[in-house]
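Here is a walk through a two-chain model, one piece at a time. Keep the structure open as you read.

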Amino acid sequence: MSRPSDLVQGTLDLLLLKLLALEPLNGWAISLRLKQLSSDELQVSDGSLYPALHKLEQQGWVTAEWRMTENNRRARYYSLTRSGRGQLKHEADEWARLSAAISRVVALQKA
Amino acid sequence: MEFVRTARVAALRVRAMLRTLFDRRALKRDFHDELDEHLTQLTAQYVARGMPPDVARRDAERAMDGMLRQQEAMRDTLGVRLVDDFVRDLKYGVGSLRRTPAFTVMGIATLAIGIGASTTMFGLVHSAMFRSPPFEEVERLVLLNMVQRTPDGPERRLLWSWPRFRLLESSVRAYDAVASTSSVTLTLTRADDAEPLQAEVVSSRYLSVMRARFTLGRNFTAEDDMQAATQPTVILSHAVWQDRLGAASDVLGRSVVLNGTTFTVIGVTSAGFQGISGVARAWIPAGAASRAVHPSYQTIDDNFITVVGRLREGVRFTEANTELAVIGERIHAAQPVEPDTPRDVFTAAAMTLNDARLDARTARGLWLLAGATLVLLLVACVNVASLLLGRAATRRREIAIRLALGASRSRLVRQLLTESAVIAAIAGVLGAIVGAWATTVIHIPATITRSRGSSAAVGEFALPVVDWRILSFAVVLSACTVVLFGLLPALQATRATIVGDLKGATSAASAKQSARWKARFGLREAAVTVQLALSVVLLMGCGLLLTSYVRLRDTQLGFDSSRMLTFMLRPSEAKYATSTAPAFIARILSEIERVPGVQSATVDGCAPLSVQCASASMHIVGRPWGNEDAPLVLRHYVAPSHFRTLGVDVVRGRAFSELDRAGRPHVAIINEAAASRFWPGENAIGKRVWFDAAATFASADSSAEIVGVVQDVTYQPLDGSPVQPDFFTPYAQFTYASRMVLVRTEGDPTRAIAGVAAAVRRVDPELALFDVMSMEDRASQSWSKQRFQTALLTTIAGIALALAVAGVYGVTAYLVASRAREIGVRMALGARTIHIVTASLGSTIKLALLGSALGLAVALALSRVVTTMLYETSAVEPTVLAGVALTMMGVVVVASVVPVRRALRVDPAITLRDG
């Protein structure tokens, strides 16, 4: 299994918040969705996914509850809270600022 | 906003922690289930790609980096590491304490004693000083006093006469109301018996000032007061209503006979209310007092009435006092307080009920005991610390290994402290139980020197109650002790260098190693020295109080206190005026002297060792006092048989005889103190004196001739003050009807009580015997406070000494054990037992000397604290100093010899082989 580029530190939170903003998901679904949406470019190691989710829960940005999956299995579903929405906006803005700045620098060098 | 978020995150974290602690299994299942779900999905994916199921499962597991690490990581994110560590430390600590039961039991017991004693003392101090008297909004209740300031004398707080109280009542503005009360003992007469009833004579607003509540009926009104002379009314306490009137619901309107006067019951207070005296069981209006208590209650110029006020809402105490100072001067101008001299300033002042209720001596004694208890707690903590230091020594390999394996020092300290916390927690529980039990058993003896402070009739309300305060005190104290005894040993134990200790114990001979042994022993040595010093301080205090108490008890009282029955007769003075009182007393005495078992009987205003003796200003015919105040002397109106009955010797002149009757020349007898004070170097006999009080002798024309001088008798309570001048005159020439009767019996005085009571009732069936007590009981009651303090301090010092001895023993045993090899070698080489014993003793004796010296220095520095509580004992009493020093040396030597001897009994061959 080839190792996709490591996630920039701190961006995992942003991605998770974004995914959960769309709909409540369980851990497995999140890892699948991450791969799909990023065309397999972004793959989260399973070892860091769950700790990250629990940290978000601790921060009060997501809540979790046990629900049944489509194929009738018990799974823990995470959904975004109100303060999670705020945090998502905040982190997305940060990301936009940061990536724009980086892009500008990179573009400058190419020219 | 930020705050709200922080709070919410904190709440979530706390919930997670609690969950980790209390819902561990569910939490684990959650983690497990969640990861299991993921694993199942992953395996299914692999299988869908064509892998065989078992291979798929294995690969999936590998992809997930193993379940365990996942779970660890998850728990970390929950921030529950601390809780987890604590739980682990707790289990570890309990386990290791279990493995060393001797240490554990010793530590817990020592600490439990310290905490138990401290909790008990806290209960006593709290109940006597801080717990509010049981009245509503008690912080607004104050006592009001007249204040007499003499330029070079102490400030005296006086009570009020009724006329002065009325002036006060009509002029104060800072109070909702002020009210008067005085404590009296009435006689409750029923069809077939009479019994004393403690009561308060009050102004009509008293019960509302005190915020008394009523079970039945109503409070006094102004009308009750005005009609009291013709239609007296009474309010009963809940207790009397229940015990004496069968809790009858129709009690209102019924009659009760008090001091021969019929009162109508108009109310019953709610349970628990006992007035400001703390002992009242009935209340009668001041207007009724002239019939039932004293004919001139409302007119006499004596200051005997207590005044209590309820501050108006929002008025500050200081403001009220400013107003009162002015009013006090005005009242004195209108109704001069006697004896007045131009130099004295009269004013008035208030004090809070809480300040007023406690005798200053009681407070000082309690503080002393509280201090002693804290010292005891300290000794206990040092003892446990010393035990822990010893324990750390045996554990150093374990600790060194853990340090080497990368455990952080703070982590290890935390672990050791957790262990200490377990000890403290168990000790705390035991201590709280001991404390709760002891507070209910130990009673602070009710003070009988109350009249010296403000002389108000205020109860002490010092009944200890076990409540949450006492229990939380024990909890907080236990937590504090963990730091006190646990921290230093924990720091010390984890300071060890890794390398030395790993090769450690086997190469005990290495110089470096032995240097460290010494260093560690130094700390234990210091602990023992501190312990000894603290014990010496306690022993000193205890020795001084003990000496003082013994001297107090052995004081020559000046009379024979054995086989003597004493009681008060309080007939209403309205019924027996002073004109008929002598005949009344004569009948009483002759009836009593006819009772079988009675040798003789006499009367006096007071019994020896009490505070009730009346005093009067004394004048000598032909020697005016001029600018000086006439001196106050104690006045006694006694029977001819008085000195014979008490066993007091007549030193010069004669005793009274039946011939010294009314109508015969007035005569007086004085004690030696009076003779030497007023007629030094002269013969007092034949001199003539008169007194301000007691109309019969109230002028030079009716003066009495001194016919005799008798031995000094201690009439005042023993407190080291000199015997006062006493002046006796025959009751036949003047007496009040209300008297203390003193009866000399042939055998046990208590067996005469029934016969004497019957004799009294033959004279007047309405009379009850008050305050019946043998003279020996009266004497022992008069030093009950000293006995209480001494007993408690002796107990505390004894326990501290025992703990210190245990400490010395422990250290010596440890020292000897660590030198067992050396001792074995020396024994094998032929050293004599005595040499080894003295060599080992040398170091502990050094400790004892150092500790004693330190302790004595501290004790002497503190001596000022105890001086005021001592009776004819100096704070640097040589016998006490010597006694303490000898005791200390003795116990230290014994505590050290025992382990040394034990070591010597072992065959040297064994120690050499094993060591």
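## Chain A

In this predicted model, residues 24 or more positions apart account for 52% of the contacts in chain A with a separation of 6 or more. The chain has 111 residues, and 25% of them are buried.

As for secondary structure, chain A holds 4 helices and 3 strands. Read from the N terminus, the order of elements is α-β-α-α-β-β-α.

## Chain B at a glance

Now for chain B, with its 915 residues, 43% of them buried. The element count here is 29 helices and 22 strands. Take the contacts in chain B between residues at least 6 apart in sequence: 84% of those join residues at least 24 apart.

Let's start with a sheet in chain B. Its 4 strands are arranged as β13-β21-β12-β22, the sheet is open, and the pairing is antiparallel. At the edges sit β13 (598–604) and β22 (769–774) of chain B, each of which pairs on one side only. Ignoring direction, neighbouring strands of this sheet are turned by 20° against each other on average.

Helix α19 (residues 581–593) of chain B packs on this sheet, where it touches β12 (564–569), β13 and β21 of chain B. The direction of α19 makes about 160° with that of β13(B). A further helix, α23 (residues 775–782) of chain B, lies across β12 and β22 of chain B, and α23 runs at about 85° to β22(B).

What about the pairing of β13(B) with β21 (residues 739–745) of chain B? These two strands pair in the antiparallel sense over 6 bridges. To find your place there, look for Thr602(B), which stands opposite Leu742(B) in β21(B).

## Gly267 in strand β8

Next, a single glycine. Gly267(B) belongs to strand β8 (residues 261–269) of chain B. Is Gly267(B) buried or exposed? Buried, because Gly267(B) has 21 C-beta neighbours inside 10 Å, and 20 or more is the cut-off.

Setting aside neighbours within four places in sequence, the contacts of Gly267(B) are Phe214(B), Leu216(B), Gly217(B), Arg218(B), Asn219(B) and Ile235(B). Trp283(B) lies 16 residues away from Gly267(B) in sequence, with 9.7 Å between their C-alpha atoms.

## One face of helix α7

Helix α7 (residues 162–171) of chain B has Trp162(B), Arg164(B), Phe165(B) and Leu168(B) as buried residues. Looking down the axis of α7(B), you'll see these buried residues within an arc of 155°, so they line one face of the helix.

What do the buried residues of α7(B) pack against? Their partners are β1 (141–149), β3 (175–189), α11 (286–292), β10 (306–311) and α12 (317–334) of chain B.

## Where α26 meets α28

Last stop: a helix pair. Helix α26 (residues 833–861) of chain B packs with helix α28 (residues 878–905) of chain B at an angle of about 145°, and their axes are 9 Å apart. The crossing of α26(B) past α28(B) is right-handed.

On the α26(B) side, the residues involved include Thr833(B), Ile836(B), Leu841(B) and Ala848(B). On the α28(B) side, you'll find, among them, Ala885(B), Met888(B), Val892(B) and Leu904(B). Sorted by type, the residues of this contact of α26(B) with α28(B) come to 13 nonpolar, 5 polar and no charged.

Notes:
Residues numbered from 1 in each chain as written. Chains lettered and ligands numbered in written order. Predicted model: local features only at pLDDT ≥ 70, side-chain atom pairs only at ≥ 80, totals over all residues. Buried ≥ 20, exposed ≤ 12 C-beta atoms within 10 Å, placed from the backbone. Contact = placed C-beta atoms within 7 Å. Pairing = 2+ DSSP bridges. Axes fitted to C-alpha atoms, helices over the stretch in contact; angles between N-to-C directions. Left-handed = near helix turned anticlockwise from the far one by under 90°. Nonpolar A, V, L, I, M, F, W, Y, C, P; charged D, E, K, R; others polar. Arc of directions from axis to C-beta.
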